[in-house]
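Subject: Handing over a structure, with notes on what was found

Dear colleague,

I am passing a structure on to you, and my notes on it follow below. Please look through the structure first and then read the notes beside it.

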Amino acid sequence: FDRGRIRPKIDVFELVSGFNGCKRTGLSPVVADVLAADGNASFDMLPEQVNHLALMICGSREPLSEIEAREEMLKMKALVQACDGAIRSEEKMALRHFKNWCTLLAHLMQLDLSVIILQWYWFEFGLFLPTVEVAEVLLMSTVYSEQRLKALASRNDMELGDLKGKLLSFPFNL
């Protein structure tokens, strides 16, 4: 939005700046590793790679595939490490390209798209809205010990593994 109106194009520089802010507030492969169910390796994206990905998408008529994006990001990482310089783009991205960019970013980082969007929301507006998975990770690391989880499962006639995805439905004390 720009002064209450939807913009038809998005500045690539704003996307890269927002991504940088999200990385500073915790969007990283560590999050992907904690939330990953499939065990695939996450991809630590550099701002320059995010910029390059956006420019590749803008320059393409067809949506970019994950395989093409992953190969290009590996090449770009080597280039960025070799030339220690910041990249600023004046390009503007159409909304269909933005959708492709968001999807590829989520796949490359091995994160659900909602995690990236909510992290972005936290960075831009200062409002923390965790997904169910993130909230459960926080509960498991701050509220529930293994002993408390076992007790909760036994009180509710459940197996320990059955609690996954259901922890938020039980009252808890900090």
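What does the pLDDT of the protein average, and what share of the residues score at least 70? This is a predicted model, and its pLDDT averages 78, with 83% of the residues scoring at least 70. Where pLDDT is low, the predicted coordinates should not be read in detail.

Two packed helices are described by the angle between their axes and the distance between the axes.

I begin with helix 3 (residues 47-58) and helix 5 (residues 95-108), whose axes are 10 Å apart and which pack at an angle of about 140 degrees. These two helices are therefore oblique to each other, and helix 3 passes helix 5 in a right-handed crossing. On the helix 3 side the contact is made by V50, L53, A54, I57 and C58, which meet H97, N100, W101, L104, L105 and L108 of helix 5. Sorted by class, this contact has nine nonpolar residues and two polar ones, with no charged residues.

Helix 5 also packs against helix 6, and here the axes come within 8 Å and cross at roughly 110 degrees, so that helix 5 and helix 6 are roughly perpendicular to each other. In this contact W101, C102, L105 and A106 of helix 5 meet L113, I116 and W120 of helix 6, and by class there are seven nonpolar residues, with no polar and no charged ones. If you follow W101, you will find that it meets helix 3 and that it also meets helix 6.

Helix 6 (residues 113-125) has a further partner in helix 1 (residues 12-24), with axes that come within 9 Å and cross at roughly 95 degrees, which makes helix 1 roughly perpendicular to helix 6. Here E14, L15, S17, G18, F19, G21, C22 and R24 of helix 1 meet Q119, W120, F123 and E124 of helix 6, and the classes are five nonpolar, four polar and three charged residues.

Key. Residues numbered from 1 in each chain as written. Predicted model: local features only at pLDDT ≥ 70, side-chain atom pairs only at ≥ 80, totals over all residues. Heavy atoms only, no water. Axes fitted to C-alpha atoms, helices over the stretch in contact; angles between N-to-C directions. Helix = DSSP H or I, 4+ residues; strand = E, 2+ residues; numbered from the N terminus. Parallel < 35°, antiparallel > 145°, perpendicular 65-115°, else oblique. Left-handed = near helix turned anticlockwise from the far one by under 90°. Contact = heavy atoms within 4.5 Å. Nonpolar A, V, L, I, M, F, W, Y, C, P; charged D, E, K, R; others polar. pLDDT = per-residue confidence, 0-100.
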